[in-house]
Amino acid sequence: MGEGFFPLDEELGLLPGKLMPRDHECLVRLAGWMPFEKAAEMLGEMVGIRVSKIVAQNYTEAAGAAYVQMQEEEVGELEREMPETKGEGVEKLQVSADGAMVPLLHGVWTEVRTLVVGEVHGGKQKDGKREVHTRNLSYFSRKVSAQEFQRLALVEIYRRKVEKAREVAAVMDGADWEQGFVDFHCPHALRILDFAHAAQHLNEIGECLHGEHTPESQAWLKDHAHSLKHDGPDALLQELEELHKQHPQTKAIASNLAYLKKRKQQIQYPTFQALGWPIGSGIVESGNKLVVQARLKGAGMHWAEANVNPMLALRNILCSGRWREDWPKIEDRLRQLTRQRRQQIHCKHHPPSPTSLVARALQGDFNLAPAQPPSLPTTSSSPRKNPWRNFTYGKALFQRHPKI
């Protein structure tokens with residue numbers, strides 16, 4: 001028997017599946033925060049409805065896939081229309097991006113890229129130091145190539161009105177794909193190399209000079225990191241140049257010096273702090289833990305590749321505090337997909353008559369006069385020869401001879 005549907009489902013606005021809309025939403029929202037099995041258990045405890053782990057997984061991944069589809073369509077529309085951002089922008093925005101690894105099936109690991117956008121607030125003094133905070137954070141994550149991530153992130157860049165902000169700072173590490181992301185979306189942003197990342201390069205030099213994890217290397221790092229943070233890079237780079245002359249064959253000194261020299265304008269930390277900017281990309285590092293790893297990197301978790309982005313999409317709206325805003329859109333898309341499926345089922349089981357006017361028009365027959373019934377084959381007056389015509393109807397083919 002083929003699949004059917006109840007017409008009242010659409011009138012009542014029901015979602016695909018057997019749950020009422022409110023219970024459907026509750027299950028998906030729970031599964032966005034916790035493993036599917038735990039979400040199914042919690043739904044039973046909260047509303048008295050018992051579902052299996054597979055049901056929780058299917059509902060959640062379908063909702064996430066619908067939201068991914070919606071955002072991809074929005075990106076396509078933005079690329080075609082290039083609309084101007086509506087409304088006023090904020091005073092200062094921080095943009096940070098980074099990657100994190102998640103486990104797939106069969107022992108494979110893959111990189112998930114995350115963009116974080118937040119409003120920068122500062123000016124308060126604490127212990128003689130100026131405090132800077134980045135608030136109202138929003139996240140966009142996908143498991144795609146760097147180039148495709150750059151394209152898809154347009155939906156979040158547009159939503160946060162990055163182009164309308166008075167000032168924008170891109171605080172990131174030195175990865176090439178991240179710098180390319182800034183070139184594409186906010187080329188005029190102030191670029192700040194994450195301070196911890198710069199200190200890591202200094203640490204490699206210190207360990208080369210004084211040994212790994214020694215008190216001397218730790219003291220050397222503390223002094224030089226303090227100098228970079230409070231005095232700037234000029235004196236530090238000169239000192240490193242002298243070290244390079246003393247140890248010309250030492251690759252650790254040469255490579256890390258070249259790295260910092262190339263990014264001299266991005267390590268002007270005293271200037272950045274005076275302007276009220278953060279000098280660390282902690283918002284994206286914590287974002288990787290909060291958005292990605294907390295849900296996709298749990299004990300024993302291994303994901304099918306096709307299901308990573310749907311879960312990331314749900315994690316984005318949950319951790320960005322946009323569930324109430326975006327879930328109704330997901331519901332509408334799920335209903336739309338259900339209607340399309342029902343239409344396909346109806347057409348499959350009730351194909352249009354080939355002689356109907358609509359079908360003939362679709363086939364290019366624009367003579368819309370009623371179709372004539374197909375003509376029956378003509379019969380001849382003389383019967384055709386048939387060996388069975390000589391059969392003796394009503395007579396037995398074998399008759400016994402009477403007994404004598």
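Tutor: Happy to. Let's begin with how the axes are drawn: they are lines fitted to C-alpha atoms, for helices over the stretch in contact, and the angles run from 0 to 180 degrees between N-to-C directions. Please keep in mind that this is a predicted model.

Our part is helix 14, residues 308–319. The axis of helix 4 (residues 53–81) comes within 7 Å of the axis of helix 14, and the two cross at roughly 80 degrees. Since angles of 65 to 115 degrees count as roughly perpendicular, helix 4 is therefore roughly perpendicular to helix 14. On the helix 4 side, the residues that meet helix 14 are Thr60, Glu61, Ala63, Gly64, Ala65, Tyr67 and Val68. Helix 14 answers with Asn309, Pro310, Met311, Ala313, Leu314 and Ile317. By class, the residues of this contact of helix 4 with helix 14 are nine nonpolar, three polar and one charged.

Now for helix 13, residues 282–296, which packs with helix 14 at an angle of about 130 degrees, the axes lying 9 Å apart. That angle makes helix 13 oblique to helix 14. The crossing in which helix 13 passes helix 14 is right-handed. Leu290, Val291, Val292, Ala294, Arg295 and Leu296 of helix 13 make this contact with Val308, Met311, Leu312, Arg315, Asn316 and Cys319 of helix 14. Here the residues of the contact of helix 13 with helix 14 comprise nine nonpolar, one polar and two charged.

Key
Residues are numbered from 1 along each chain as its sequence is written. This is a predicted model: local features need pLDDT of at least 70, side-chain atom pairs count only at pLDDT 80 or more; totals for chains, interfaces and linings use all residues. Side-chain values use heavy atoms; hydrogens and water are left out. Helices (H or I, at least four residues) and strands (E, at least two) are DSSP runs, numbered from the N terminus. Angles under 35 degrees count as roughly parallel, over 145 as roughly antiparallel, 65 to 115 as roughly perpendicular and the rest as oblique. A crossing is left-handed if the near helix is turned anticlockwise from the far one by less than a right angle, and right-handed if clockwise. Contact means heavy atoms within 4.5 Å. Ala, Val, Leu, Ile, Met, Phe, Trp, Tyr, Cys and Pro count as nonpolar, Asp, Glu, Lys and Arg as charged, and the others, Gly among them, as polar.
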